[in-house]
Amino acid sequence: MRNLSGLLLLIIISSTILFFNLGVTPLLDPDEPVYAETPREMLVYGDFVSPRIYGEYWYDKPPMYYWLVAASFKVFGINEFAARFPSALLALGCILAVYAAGRRLLGERAGLTSAFILATGIEFWYLGKAAVTDITLTLCLTLSLLGFIEKRYYFLYVFAALATLTKGPVGFLFPGAIICLYLLFTRKFSVLKEMRLLSGTALFLVIALPWYWSMYQIHGQIFIDTFLGFHNLTRFTSPEHPEGALWYYYIPVFVAGFFPWVAVFPQAVYRALWHNERETRRILLFLVIWTLFIFAFFSISQTKLVSYILPMFPPAALLAGWYIDDLVGRLWRQERSWGWIGLLVVLCALLIVTVVTGGRLLPVMETGAVLVAALLATVCGVAVYFLWYRRIYASFAVQVGGMLLFVAILMTSLLPAAAPYFSSKDLAAQFSQVYDGRSSVYIMKILHPGFTFYSGLYGQEIDKEEVGTRIRQEGRSYFIIRDLDYQRLTSEELQRIQVLVRDADKLVLLKP
């Protein structure tokens, strides 16, 4: 009965975090609208093999998330909730998968603790509420790698195939590389005989290959060159955003994304590597390799985005959950958790400073930022109090509750206030009232997906270098740009245009 109540509480808290106000905030530029517009066009064109955007074939990602969103649109209609629903549902599935595997591998309490950690880490629940592919990939990789360590080998192949249909070659390269590293460290190559390599590979190909083969048959070499060449190999070797190609990029990303549980992560890794019990050490070593490989891979990759390291969060949660359970088990001979206390205080202080500074930079968020800062200070103080008196799970419960309140403030105060600055929804609605229905429309690249999704108008994409040239050369036309780009226009160019709409930091210009 106690196990059932713990699981029920996990489902309630996780569902609240993931589904609360899921469809209230408009889709945020530039990523979310991409993963809503492409499924919308799948439905419009009736083509579920070749993804499109702006009416043109689109080779950026395989179709798994597009298919899920298209199905969600059929059920719920074309709206923000439907675009995000697959991510939220699969995030809940990933939390429950971590619970189930943790329970089998590390014990009931460790599994439950790990699942709560995953559900309340900032990056996981934030991306779980977003219309992006990362949660889908993370769930598939998690089930694939857990299938290996639990010796459920067909799970390994099935979910590696689904991961490959979600984001390409990383779907099989990651499990393959992580398993190979584990076998090298443990020298247990005999495991290869148990892995059903031939039948498993055949199963993988039956699931993953048909879409790739169909795309090659339809589009030929351009699909190979664009999808495998540019969107995979080139992005790994060349930075898409040069200003972010820093070797230490993912250190602050992980620290903020795994907050507040990053405060126990270093101790968890250290303790895992020196654990005495043989079978548990084998499991923990695999989790450490899994976590660190993904971190290292994307640190080496030249293109870096915050969401890329999400697949390391489930094994990191399992490590942290095991460590907290182990800490409770040896509490009778343990000194106070100075490492946890110290890191938690430092990280809370840094996050409070960051939130308050962000609120000052964007005044519409200032009230929400103050609330978040007050919440973090309170949670930190109470959690440290319980840690001081060795009441580990009381402190744990306070931090889980604190993250639940954090989500509530974010979704009711911070995001609604900031949305006009990060979404094109209102701008598209105002544009439709002034558009003549005939003239050319030019849209800045970062605004293009969201503007198209909300206006239904494809327009022509331009970058910041083209705005002035188009204004000087074109006849009657409209321009959808950011205020930042408007400020770069010359006095001659400004004389040729009229500002029709100003919404937050975005504008609609008319060249008469």
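Predicted model: local features only at pLDDT ≥ 70, side-chain atom pairs only at ≥ 80, totals over all residues.

Guide: Setting aside residues up to four places away in sequence, F172 touches A160, T164 and F204. F172 sits in helix α9, which covers residues 170–186. L141 is 31 residues from F172 along the chain, and the C-alpha atoms of the two are separated by 8.6 Å.

Next comes the helix that α9 packs against. Two packed helices are described by the angle between their axes and the distance between the axes. For α9 and α15, the latter made of residues 278–300, the angle is about 130 degrees and the axes are 9 Å apart. An angle over 145 degrees would count as roughly antiparallel and one from 65 to 115 as roughly perpendicular, so α9 and α15 are oblique to each other. The crossing of α9 past α15 is right-handed.

Which residues meet there? On the α9 side they are F174, A177, I178, I179, L181, Y182, F185 and T186. On the α15 side they are R282, L285, F286, I289, W290, F293, I294, F297 and F298. By type, the residues of this contact divide into 15 nonpolar, 1 polar and 1 charged. An α-helix has 3.6 residues a turn, so residues three or four places apart point the same way.

Another residue of α15 is S299. S299 counts as buried, because its relative accessibility of 15% is under 20%. Beyond four places in sequence, S299 touches W247, Y250 and K304. L89 is 210 residues from S299 in sequence, and in space the two are 29 Å apart, C-alpha to C-alpha.

Now back to α9, and to the loop between α9 and α10, the latter being residues 191–194. R187 lies in that loop and is exposed, with a relative accessible area of 70%. Most residues other than glycine have a negative phi, and most peptide bonds are trans. The phi of R187, however, is positive, near 55 degrees. R196 also has a positive phi, of about 50 degrees, although it is not a glycine. R196 is found in the loop between α10 and α11, where α11 is residues 197–219, and at 41% relative accessibility it counts as partly exposed.

T166 is buried, with a relative accessible area of 0%. Leaving aside neighbours within four places in sequence, T166 is in contact with K61, P62, M64, T133, T136, L137 and C140.

In α14, residues 265–273, the buried residues include F265, Q267, A268, V269 and A272. The cover over the buried residues of α14 includes α13, α15, α16 and α17. One of these, α16, spans residues 313–329 and contains D326. D326 is buried at a relative accessible area of 16%, and its side chain makes a polar contact with the side chain of R271 at 3.1 Å. D326 touches H275 as well as R271, not counting residues up to four places away in sequence.

Key: Residues numbered from 1 in each chain as written. Heavy atoms only, no water. Helix = DSSP H or I, 4+ residues; strand = E, 2+ residues; numbered from the N terminus. Buried < 20%, exposed > 50% of the residue type's maximum accessible area, 1.4 Å probe, protein only. Polar contact = N/O pair within 3.5 Å; in protein donor to acceptor, adjacent residues only side chain to side chain. Contact = heavy atoms within 4.5 Å. Axes fitted to C-alpha atoms, helices over the stretch in contact; angles between N-to-C directions. Parallel < 35°, antiparallel > 145°, perpendicular 65-115°, else oblique. Left-handed = near helix turned anticlockwise from the far one by under 90°. Nonpolar A, V, L, I, M, F, W, Y, C, P; charged D, E, K, R; others polar.
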